[in-house]
Amino acid sequence: MIGNIAAGLANVLTPFTLVLMVFGVLLGILMGSIPGMTATMTVAILLSFTFTLDPANGMMLLLGIYGGAVYAGSIPAILIRTPGTPSAAATIFDGYPLSQAGEAGRAIKTSTVASFVGGVLSVIGLLFFSPIISDIALRFQSPEFFALALFGLTIIASVSGESLPKGMVSGLLGMLIATVGIDPLTGFQRFTFGVPELFTGVEFIAVMIGLFGIAEGLQAYADGLDDGEEMNQEIKGVLPSLSDLKSIGPVSFASGVVGTCIGSIPGAGGDIAAFITYNEATRWIQNATPDFGDGNVRGIAAAESGNNASTGGALIPTLTLGIPGDSVSAILIGALMVQNVQPGPSLYQDEPVLLYTIIMGFLVIYVFILLFGLLGAQYWARLINIKKSLLWPVIFVLCVIGVIALRSNLFDAWVMLGAGVLGYALRLRSYPLAPMVLGLILAPIAEENLRRSLSLSGGSLDIFYTSPIALAFIVLSVAVIALPVIRNVYPTLTD
Amino acid sequence: MNISKKLATNPLAVVFILVSVVVIYAASQFPDSGEVGPGFFPIVTAVGIILFAATDLFIADNSEFEISDPDLKAAGLVFVFVVAYVGLMPITGFLVGTMLFLPLTLYYSGVRSTPTIVAVSIVFPIILFYVFSQLFLINLPEGIIPFSRLLPRLPLVMMP
């Protein structure tokens, strides 16, 4: 492990890779600072810039954008009470009152340090827990993999929206879309309608760009292109005060640990992590002065450490099991697959250096976030004034060139537009999109292992409950689906 | 909540059920190679969609009512611009197509500064053209008249 860490660090500390990371972090901060520009959308539309890079460098650019955007989402949350990304929603509670009191700089510096602490803790968690999980997963056979895919789908459906049935429909739709193309086991063409471009299936990246680029764009136009409030508050100084650092230290650490654990649950992204860590902080810290909600720096630290910790946490199931922890890590899986790298337990055996390069790179990315966050706070705050009316047309062009770059085929642009309309319609009716993305990724794993398992057992379902691990995953999946139903039918029981 | 009200607020559930029925029919026509043939997984998935979409129609859930009143016309029109941009690209090519798409969409989005519109519409497509076509060596659509070939080639080497 030490050798792989050293090799990974050596790969990261090359000038070209460092430049990519800096570029990624700055792009992430730029987009995250603009309300409505989510980390998922930014990673999706800029994915095409990594196609010609090697897998490690491509991941450095994307992880830089990811970390930068999640961090920078706090800036508009603090300054104009509008989160740049959904994961910064909880930062508003204390960030905005502090900014209103004329202490926007203090709030942003607190957010930067807490984001760094949360991010670094999550990467440490990724470093130490991934090999253990991967080791266990290496013993998985077909029934266990099918059960794991089923569990992944049910858990993401249950946590990523308000309605479990809607989440499940979204996930299953993703799975259905993924069945288009030549059946890998029999060679039969399924739902291809004789279109040659569909023989290899629907291009996952095109669907992602449609769901998170085009659909978000349509929503922005439907909601009215509000160019937002002007931000003119001056931010002085670079470093946070020692007393603030002392005050936020313990809560940042605890929130980082909790955020990492929450982030590692498929579907539970930074928004859920931040709300939970913020809520826990209000319970841990009694008699806070000022009160939580009135501009307490520890409230900002809890939310920001929690949401940034979810980034490394989300990479744990992504890299060890091939199951994305959130929408961004689903795109990262797609990015690796474009480079013929399949995330999952075998990655630790087949590509250990790549893996540790990714992990060590993410650690260095958080150092850059701390550096640029503190040094550039006064400039990032001005990014809020960028007009969306200028940005969205440019984003549409990036979406189109992004899919053309996939395989120089305009057909993928039509797939993207179709996915964009579907995504927008789903959003309009409160269907979460994250389960659909997971469904697209999980379908091949689920199908191959389900069919292989049934072939091995001669069609009997016994094979799923004779394996303790598969049985445990299936029981958990059933529990995840049944729990809301029980809660609905017997509200007093669950109270 | 009664079903007719649910149908009105969540018509997508009905669409998904209908699509799933069609999928089940189509997948049942796939060649039969026992219970785990190529049609098995699409059928299982479609049955799942029907079950959950029907459940969604029957349970009380207020998530659809949190939707604000969207301006579908604005979203529809910008979508038409993007569709025309992609649809005409085999004729216009990426460079010219983007130079036509951007001013139209920028103006529609509310940008009124002519220098800004002209600058973004010319500089941005050229930068993208150079990055993707010459740096990343990706074949971008050239259109029936390949204007992009008039641009000077950059003395670049492949990226590491």
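Modeller: Happy to! One definition comes in handy here: a residue counts as buried under 20% relative accessible area, as exposed over 50%, and as partly exposed in between. Keep in mind that this is a predicted model. Let's settle on Arg106(A), which has 29% relative accessibility and therefore counts as partly exposed.

Arg106(A) has a salt bridge with Glu103(A), where the closest N and O atoms are 3.3 Å apart. Glu103(A) is partly exposed too, at a relative accessible area of 31%.

Arg106(A) also meets the side chain of Asp244(A) in a salt bridge, at 2.6 Å from N to O. This pair links distant parts of the chain: Arg106(A) belongs to helix 7 (residues 104–137) of chain A and Asp244(A) to helix 11 (residues 242–263) of chain A, 138 residues apart. With a relative accessible area of 7%, Asp244(A) is buried.

For contrast, look at Arg283(A) and Glu280(A), whose side chains meet in a salt bridge at 2.7 Å, N to O. These two are three residues apart in helix 12 (residues 270–284) of chain A, so about one helical turn separates them. Arg283(A) is exposed, with 53% relative accessibility.

Over all chains, a search of the whole structure finds eleven salt bridges.

Technical notes. Residues are numbered from 1 along each chain as its sequence is written. Chains are lettered from A and ligands numbered from 1 in the order in which they are written. This is a predicted model: local features need pLDDT of at least 70, side-chain atom pairs count only at pLDDT 80 or more; totals for chains, interfaces and linings use all residues. Side-chain values use heavy atoms; hydrogens and water are left out. A salt bridge is a side-chain nitrogen of Lys or Arg within 4 Å of a carboxyl oxygen of Asp or Glu. Buried means under 20% relative accessible area, exposed over 50%, partly exposed in between (1.4 Å probe, protein chains only). Helices (H or I, at least four residues) and strands (E, at least two) are DSSP runs, numbered from the N terminus.
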